[in-house]
Amino acid sequence: MFGIRQRSGRFKRRGILLCLLLMIMMSILQVRYYAMSGSSGRNHWEKFSWQARDIYNESQSSGLGFRVNNDGRVKQHIAFLKVHKAASSTAQNIFLRYAMKRDLVVVIPHVNKIFYPNIISTGTTVTSKNILPPPTNRSYEILCCHVIYDRIAFERIMPRDTVYIGIIREPFGHFVSILNYFRPKEVLDINDTLAVSKYLQEPTRYTKLNSKSYVNNRMAREFGFPSDLYITHNETEIQFYIDKLESEFQLVIIVELFDECMILMRRLLNWRLSDVFYLKKNVKNELFEKIKFTAGDVDRYRKWAVLDYALYDHFYQRLLNQIRMQGPTFNEELLYFKRIRRDMDFFCNPMPGVKKSGVYHFHASRWNPPFIITEEDCKYMNIGETAFIKEIRFKQYGL
């Protein structure tokens, strides 16, 4: 009897141990699964994120490793969708500097250079009639001037391995910037001391639903949203088009998280940290006197700018997921980038009474080899986009 109880006790202990082992194994598998997918079951995002690899691999022959995208190659074929009043001139300057330093071919508008040489079109996509042909025996490599997005049209002129990058900002802030820069008559000519609020109370009284006005879901317009969605606001079709954009754009820069996006872009393209240095451009802080808002205007605008908000909300969440997928090294690199970019800003735009030296040296770090910033670098970070495009146009075509 005693022997039976003893054997029964051993079986129970073995059973408990076996259960504990199974639970531990299941926990390990679950952790590995979530680590691989980057989310608790939200695999929809997985294919649109990339994992950071070794940031600084001393075993490489150069002693400087920047293997952070999926295949380790430096990406030099870029289609950047330059959206009006969304910090796009700041971002464009990065691509133009990169192209100029490496003799890459930029898509140049086919317009008289005394007008708007940085605009391919504000109403249509790229065609053989609105861009200059590439120089002899060359192909386009960088597209970053204003134009309406159309995937098929872009693919006709850009290489197959092109990386697609867009940019958007918080829609109400975008609306304010549009008002301040373009000063649209349909809004500011309203005979009311609170013209903007009056407009937002009944926008269709002043702007047709299918209008291509800059105050009518302009970001969505430049991303090529189908025209019928401006009238129907069909949620299913809006999401269908946004899903299409998600499959086509590897990165959509969110202006409110610009530095974060620069680190993501550097990793995606396998560029050096100095390649994504920037100085803010076309920043206008003072509001035109007729631009006044009242409580409720933000909510009214949200009801009007349905497409812009759907676009922004979706890609904001996607960006947060992409950042999360980078792991702990991302925030370390971000903090370092913010710090050295501030030094670069002080060097390029010294405060009154501070003498600028000819060169500023940056030490090597986990994120970059030693590099320098010169006065010429500062010149091209500060140059206006129109002047920059004219210079590249002359370099490529002698025009």
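A: A disulfide is a pair of cysteine sulfur atoms within 2.5 Å. By this rule the structure has 1 disulfide. The model is predicted: local features need pLDDT of at least 70, side-chain atom pairs count only at pLDDT 80 or more, and totals for chains, interfaces and linings use all residues. Residues are numbered from 1 along each chain as its sequence is written, and side-chain values use heavy atoms, with hydrogens and water left out.

Q: Which cysteines form the disulfide?

A: A disulfide is a covalent bond between the sulfur atoms of two cysteines. Here C348 and C378 are joined, with their sulfur atoms 2.1 Å apart. The torsion about their S-S bond is about -70 degrees, so the disulfide is left-handed.

Q: Is C378 buried or exposed?

A: Buried means under 20% relative accessible area, exposed over 50%, and partly exposed in between (1.4 Å probe, protein chains only). C378 is buried at 2%, and C348 is buried at 4%. C144 is in no disulfide; the nearest cysteine sulfur, that of C145, is 5.2 Å away. C144 is buried too, with a relative accessible area of 0%.

Q: Which residues lie nearest the centre of the largest pocket?

A: Rolling a probe the size of a water molecule over the atoms shows where empty space is left. On a 1 Å grid over the protein atoms alone, a pocket is an open set of points where a 1.4 Å probe fits, with protein on both sides within 12 Å along at least five of seven lines; lining residues have an atom within 4 Å of a point. The largest pocket has 35 lining residues, and K85, A86, A87, K281 and N282 lie nearest its centre.
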